[in-house]
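Subject: Handover of a structure and findings

Dear colleague,

Please find below the structure that I am handing over to you. My findings follow it.

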Amino acid sequence: MQLQLMMSSGFNVFRVGISFVIMCSFYMPTVDSLLELSPQKYFSTLQPGKASLAYFCQADSPRTSVFLEELNEAVRPLQDYGISVAKVNCVKEEISRYCGKEKDLMKAYLFKGNVLLREFPTDTLFDVNAIVAHVLFALLFNEVKYITNVEDLQNIENALKGKANIIFSYVRAIGIPEHRAVMEAAFVYGTTYQFVLTTEIALLENIGSEDVEYAHLYFFHCKLVLDLTQQCRRTLMEQPLTTLNIHLFIKTMKAPLLTEVAEDPQQVSTVHLQLGLPLVFIVSQQATYEADRRTAEWVAWRLLGKAGVLLLLRDSLEVNIPQHANVVFKRAEKGVPVEFLVLHDVDLIISHVEHNMHIEEIQEDEDDDMEGPDIDVQDDEVAETVFRDRKRKLPLELTVELTEETFNATVMASDSIVLFYAGWQAVSMAFLQSYIDVAVQLKGTSTMLLTRINCADWSDVCTKQNVTEFPIVKMYKKGENPVSYAGMLGTKDLLKFIQLNRISYPVNITSIQEAEEYLSGELYKDLISYSSVSVLGLFSPTMTTAKEDFSEAGNYLKGYVITGIYSEEDVLLLSNKYAASLPGLLLARHTEGKIESIPLANTHAEDIVQIVTDALLEMFPEITVENLPSYFRLQKPLLILFSDGSINPQYKKAILTLVKQKYLDSLTPCWLNLKNTPVGTGILRAYFDPLPPLPLLVLVNLHSGGQVFAFPSDQAIIEENLVLWLKKLEAGLENHITILPAQEWKPPLPAYDFLSMMDAATSQHSTRKIPQCMKETDVQENDKEQHEDKSAVRKEPIETLRIKHWNRSNWFKEAEKSFRHDKEL
């Protein structure tokens, strides 16, 4: 499968209202019924690090029939968390200590690998909720602290002040649905927040809750507390304790407390609106800014979990707000106009919000069937692909599966490619198909060992390798730092990355003859199909700093383009032949048979990378889904020629002529073949109604204004007509045919991103726009601090590694930001 998806768009898709995690298996059909095995067979199926729940019995009886029905119901939800379930039939021929006396047969056993973790009397596993809750509770003993007194709560709170937030919950009893919901939330968020659980009413009363009849969940804002004598601020979740409600509540807690905006409130969209919560804008002006901000912060704390609060800067607005209005209220329902209000009391604002909230009730159906009629409509194309291909059998034997015991020995013994993935994540499982496709193409030809490790099973290994995102591919070579792949999640680009890394960069060229072979493509002709451009740096032997900068750039570009360096005494022979000053570089375009020279005086590594990156772009490319981000990041209007096949050579000649004459420097000229890229038809429909005949030349001003201009269909696409049309556009004499709406692209269904990549909001956004294969070093300092902070409450690896950060290489982050947040193409 070719999954063409940018690395920075990593999606996590989960079943709405049932559980946080979908276990996606491509090489084994999902087992929805209870397995029946003999003891010997059962213990042979246990895998290191994997959890399994087993019930041993000698014969079915009325006493066990009800329990077995509930155990069967628990098979699928436990599989969602990577936990297998089996009924083990005790037979006389096999001796097992679990098949002993009758009292032993009234227990279920939880194993991790071959190690017994916990035994449960069957009367505590009275239904499917109790089974799931008890099993997760046993596995997440470090993530969920069970307490019985106020002192324990105070100790935990004091230990986490300034470090992490707490999710405190009270349930009436262990094993009830509310307990299961809390455990499912802890399964996903357990490494980000400390979960605390109690069944003691006295503890709830001590917190200040008057209604102790129902389950409660509080969010303790301890991370903000720097004064250890200060109590953590607490926010109560007012909805019933269900898996989905807890997720939505936590997501509102992660959103910014207060946001400043200076745009039309009707156009503002935040995570609160997506979650069905209204927005409250406190209107501010420069003269009263500080007082207005304090008021807005006070309102935000009062409405936390109920509404989003924003500070609307009246002085910077381009739209008119009624002079008397000091509050703007925006409902979550689409199409409802905003309300301009005059409310001079904080309590009036709170009251207005609480009396006008419309929260759509989302029913959780535990019996929801993944095979239902709407399964083809997913909230994410990745999940759709995952589901439809779930029964496709992959030749996994072409890659080596690594474990904690084999990782270091395997990687140190040979040059290796390692795929770090999570078995429960849709993008990981979709990319696994592309990874196996690469293994198929490299079978018997590559010196690199292709391996994979499931971080859901071996979290410690992935943490030690600084893996904080899924999926990720790293290349390990002896004597070198590992290199992370940061390209497209598809077979073609990953194969290119692997093949171009067969040699070390930059290549050290030692003679004029070797340099000529390098520039002609003969030296590495087997790699030319992966890199149509070769770069050769020219330096005199004394240019030490310039050579170091070029070598650093070559390391950044490894896996994307072939780079070489020539620094011999006779380097002037080459520089004179190709009219290249020293220091300088030669760009050999093999498909065109051209060699260009570029001076490098006072040019640093980042500048060299940018020069080469720009050189890889074509002057008049065919735009596809895969290469659009590369051209989109240039932030120029797109001049697109739409065709239903190959373009007329005369059109291409006319546009290339204008490119060479510098008429199109402020634009990105390109063309789109509807036969190769069918999505272009939908783009045209957004521009024209009805669709005019092809070919069509349009200019799309994506980055400012969103205007779309069409070249007159009655004129020939020749240089003179194009120049005249462009001059009219520049003078403002041409009318646009449409204006694209300034809105974000969203999935077809509500995007309930259950994991939301945890701390993505904390990632620092860089302005650099260069492709990077960053060298790996030790875990970053902030990751070390998080690990040290957690050590007090988490001593052993759990069943699944949850992602802590979602950091992407700067170049692809910029491309995705432009691709998703600018105006629609």
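Which cysteine does a disulfide join to C90? The partner is C99, with 1.9 Å from S to S. This is a predicted model, in which local features need pLDDT of at least 70 and side-chain atom pairs count only at pLDDT 80 or more, while totals for chains, interfaces and linings use all residues. Residues are numbered from 1 along each chain as its sequence is written, and side-chain values use heavy atoms, with hydrogens and water left out.

Disulfides

The structure contains three disulfides, a disulfide being a pair of cysteine sulfur atoms within 2.5 Å. In sequence order, the bonded cysteines of the protein chain pair as 1-2, 3-4, 5-6. C57 takes part in no disulfide, and the nearest cysteine sulfur, that of C90, lies 6.7 Å away.

The link of C90 and C99 is left-handed, with -75° about the S-S bond. C90 is buried at a relative accessible area of 12% (buried means under 20% relative accessible area, with a 1.4 Å probe and protein chains only). C99 is buried as well, at 15%.

A disulfide also joins C222 to C232, with 2.2 Å from S to S. With 115° about the S-S bond, the link of C222 and C232 is right-handed. Both C222 and C232 lie in the loop between β9 (216-221) and β10 (233-236), ten residues apart; strands here are DSSP runs of E of at least two residues, and helices are runs of H or I of at least four, numbered from the N terminus. The relative accessible area is 0% for C222, which is buried, and 1% for C232, which is also buried.

C455 and C462 are joined by a disulfide with 1.9 Å from S to S, and their link is left-handed, with -90° about the S-S bond. C455 is buried at 0% relative accessibility, and C462 is buried at 0%.

A pair of helices

The axes of helix α14 (residues 426-442) and helix α16 (residues 491-500) come within 9 Å and cross at roughly 50°. Axes are lines fitted to C-alpha atoms, for helices over the stretch in contact, and angles run from 0 to 180 degrees between N-to-C directions.

In α14, the residues that meet α16 include F431, Y435 and V438, while those in α16 include L494, L495 and I498; contact means heavy atoms within 4.5 Å.

Yours sincerely

Conventions:
Buried means under 20% relative accessible area, exposed over 50%, partly exposed in between (1.4 Å probe, protein chains only).
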